[in-house]
Amino acid sequence: MIDLLTVLQHADSAFPSGSFAFSNGIEGLAAMNAALDRTGLQNVVTMFLRHRWATSDRIALALAHRSSGDLDRVGEIDFAVEAATLAEPLRNGSKRNGNALLAAHVRLQTPAAADLRALIGDGKAHGHLPVVQGFVWQARGMTEANAIAVSGYSTAAGLIAAAVRLGHIGAVEAQTALASVLETIADLSAPKTPDAEIESFMPWVDAAASRHARAHLRLFAS
């Protein structure tokens with residue numbers, strides 16, 4: 001029971017992570033007139049899950065989780081995420097989200113969270129979101145499989161919530177869109193080998209996020 005409750009606590013959108021300020025490219029896609037109705041949004045989220053989350057975030061999270069608090073290893077993983085995130089707005093958003101999540105865990109006195117923040121302060125890590133997630137969730141006793149599930153769900157839910165806030169889809173339709181990608185998250189959540197490479201290829205989203213960063217009016221930071 002405690003395992004389930006821990007998952008629910010960290011998957012809750014009310015957990016202070018700062019993610020509400022970022023659309024991860026959704027606002028940029030909206031500005032480019034991308035279809036963000038239920039079907040269009042489902043396609044965008046599926047693309048993001050397959051070509052960003054599964055190949056980069058999920059792997060980084062799993063490797064950070066397996067590091068068991070080895071800060072040097074965590075730093076290496078973090079720099080690999082930095083190199084694989086080509087669009088600066090998405091790169092900065094990942095670091096801001098990760099550092100916000102880490103700050104919450106420092107205040108919660110999660111084991112070694114303060115040590116990771118010191119490592120970032122020394123320039124030996126960046127604090128990318130999936131790396132921080134893997135590190136702190138392992139420290140809170142979450143299994144790797146559960147951590148991956150929370151990450152995938154949170155990624156999809158965050159993208160869809162951004163579309164709701166932008167007025168492109170209603171709250172009920174949003175839940176239908178979210179339910180439609182749960183099987184994709186489950187299919188993509190299989191463990192990866194320790195030598196799996198962190199990579200990402202989403203040129204359309206990268207271009208939209210970069211264009212969005214230069215917009216005069218915007219609701220989200222990225």
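Helix 1 passes helix 8 in a right-handed crossing, and in this predicted model the two helices pack at an angle of about 30°, with their axes 10 Å apart. A second pair, helix 4 and helix 6, likewise has a right-handed crossing, while the largest nonpolar core holds 60 residues.

**Helix 1 with helix 8**
- Angles under 35 degrees count as roughly parallel, and helix 1, which spans residues 2-11, is therefore roughly parallel to helix 8.
- On the helix 1 side the contact involves Val7, His10 and Ala11, which meet Asn146, Val150 and Ser154 of helix 8.
- The residues of this contact comprise three nonpolar and three polar, with no charged residue.

**Helix 4 with helix 6**
- The axes of helix 4 and helix 6 come within 11 Å and cross at roughly 55°, which makes helix 4 oblique to helix 6.
- Leu71, Val74 and Gly75 in helix 4 meet Asp115, Leu116 and Leu119 in helix 6, a contact made up of four nonpolar residues, one polar and one charged.

**The largest nonpolar core**
- Within this core, the residues that touch the most other members are Ile26, Leu41, Val45, Leu102 and Leu116.
- The elements giving two or more residues to the core include helix 2 (26-31), helix 5 (88-107), helix 7 (129-139) and helix 9 (171-188), whereas helix 3 gives the most, with 13 residues.
- Leaving aside residues up to four places away in sequence, Leu102 touches Ala113, Leu116, Arg117, Ile120, Val132 and Val136.

Methods. Residues numbered from 1 in each chain as written. Predicted model: local features only at pLDDT ≥ 70, side-chain atom pairs only at ≥ 80, totals over all residues. Heavy atoms only, no water. Core = buried A, V, L, I, M, F, W, Y, C linked by side-chain atoms within 4.5 Å. Buried < 20%, exposed > 50% of the residue type's maximum accessible area, 1.4 Å probe, protein only. Helix = DSSP H or I, 4+ residues; strand = E, 2+ residues; numbered from the N terminus. Contact = heavy atoms within 4.5 Å. Axes fitted to C-alpha atoms, helices over the stretch in contact; angles between N-to-C directions. Parallel < 35°, antiparallel > 145°, perpendicular 65-115°, else oblique. Left-handed = near helix turned anticlockwise from the far one by under 90°. Nonpolar A, V, L, I, M, F, W, Y, C, P; charged D, E, K, R; others polar.
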